[in-house]
Amino acid sequence: MPDARQRYDFPTRGFLTKAERWLYPGGRPNGLARLLNRGWAIVHGSGLLPRRYVTLEVPGRRTGRMLSFPLVVADYEGEGFLVSMLGERSSWVRNVGAAGGRAVLRHGRREAVRLEEVDPDARAPIVRRYLSLAPGPRAFIPVDRDAPLEDFQKVAPQVPVFRVRSDLKRTQQ
C-alpha cells in the first residue's frame, strides 16, 4: 500500500486503468479528456442516467465564466457527497473554494447547492462508497474498492470530499 503522499506512485492494472491515467497525466486532463468531459457533462446533466450522475456548474476562479464538470454523487448515510478523484489540485475543487462553496448541480433540472468540505477524519467511508459507484477514479485513488476501511483512512486526507447541501436562499432556475 503506497503512502498517501505518493498519490501517483502505484502500479496500474489493465488497459482501462492505463488509459484513464493517460487521459490525466500528472492529475490534469489532456485535450482528449477535456473533450470527453464536455460530452459527459451534457449527458450527466440531461437526467437520462441514474440520479448519481450529475453535472457540477461553478464559476471559474479566474474568468468567472460558468464551467461544467461531470461528477458522481456518492450517497452515504442519507446524504450526498462529491469526491475529487484528482485530489486538491482539481479545477472544480479550486473553483468551488473560490466561489465560497456555492454551485449548481444539474440532473435534468438545476439545483442551487452549497458544498461543504468534509473533515479528513470522516472521509474514509465516503471515499469507499464513491469507489464502489464510480469506476473511473479507481485509477487515481490508490486503494482497492474492497479494501478494509483502515486502508481508506490512510489516503482519505488526500481526497477532497464535499457534502452537498441544498441552497434554499438562491433562486432555482
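This is a predicted model: local features need pLDDT of at least 70, side-chain atom pairs count only at pLDDT 80 or more; totals for chains, interfaces and linings use all residues.
Student: Why is Glu-111 called buried?

Tutor: Its relative accessible area is 16%, and buried means under 20% (exposed is over 50%, partly exposed in between, with a 1.4 Å probe and protein chains only), so the label applies. Glu-57, with a relative accessible area of 7%, is therefore buried as well. Across the protein, buried residues make up 43% of the 173 residues.

Student: What makes the pair of Arg-51 and Glu-111 a salt bridge?

Tutor: The closest N and O atoms of Arg-51 and Glu-111 are 3.8 Å apart. The pair links distant parts of the chain, with Arg-51 in the loop between α2 (31–46) and β1 (53–59) and Glu-111 in strand β5 (residues 110–117), 60 residues apart. Because a salt bridge requires a side-chain nitrogen of Lys or Arg within 4 Å of a carboxyl oxygen of Asp or Glu, the pair qualifies. By this rule the count comes to eight salt bridges.

Student: Which residue does Arg-110 meet in a salt bridge, and at what N to O distance?

Tutor: The side chain of Arg-110 meets that of Glu-57, at 2.4 Å from N to O. This pair also joins distant parts of the chain, Arg-110 lying in strand β5 and Glu-57 in strand β1, 53 residues apart. Arg-110 has 26% relative accessibility and therefore counts as partly exposed.

Student: Which residues are linked with Glu-116 in a network of salt bridges?

Tutor: Glu-79, Arg-163 and Arg-165 are linked with Glu-116 in this network. Within it, the closest N and O atoms of Arg-165 and Glu-116 are 3.1 Å apart.

Student: What makes the six strands a barrel?

Tutor: The six strands close in the order β1-β2-β3-β6-β5-β4, with antiparallel pairing. Two strands pair if DSSP finds at least two bridges between them, and five bridges join the antiparallel strands β4 (residues 102–106) and β5, so that pair meets the requirement. The strands, like the five helices of the protein, are DSSP runs numbered from the N terminus (H or I and at least four residues for helices, E and at least two for strands).

Student: What makes the largest group of nonpolar residues a core, and which members touch the most others?

Tutor: A nonpolar core is a set of buried Ala, Val, Leu, Ile, Met, Phe, Trp, Tyr and Cys residues joined through side-chain atoms within 4.5 Å. Of the 24 residues in the largest one, Tyr-130, Ile-141, Phe-152 and Val-161 touch the most other members. The elements giving two or more residues to this core are β2 (66–76), β3 (79–83), α4 (124–133) and α5 (149–155), and α4 gives the most, with six residues. In soluble globular proteins, nonpolar side chains tend to be buried together.

Terms used: Residues are numbered from 1 along each chain as its sequence is written. Side-chain values use heavy atoms; hydrogens and water are left out.
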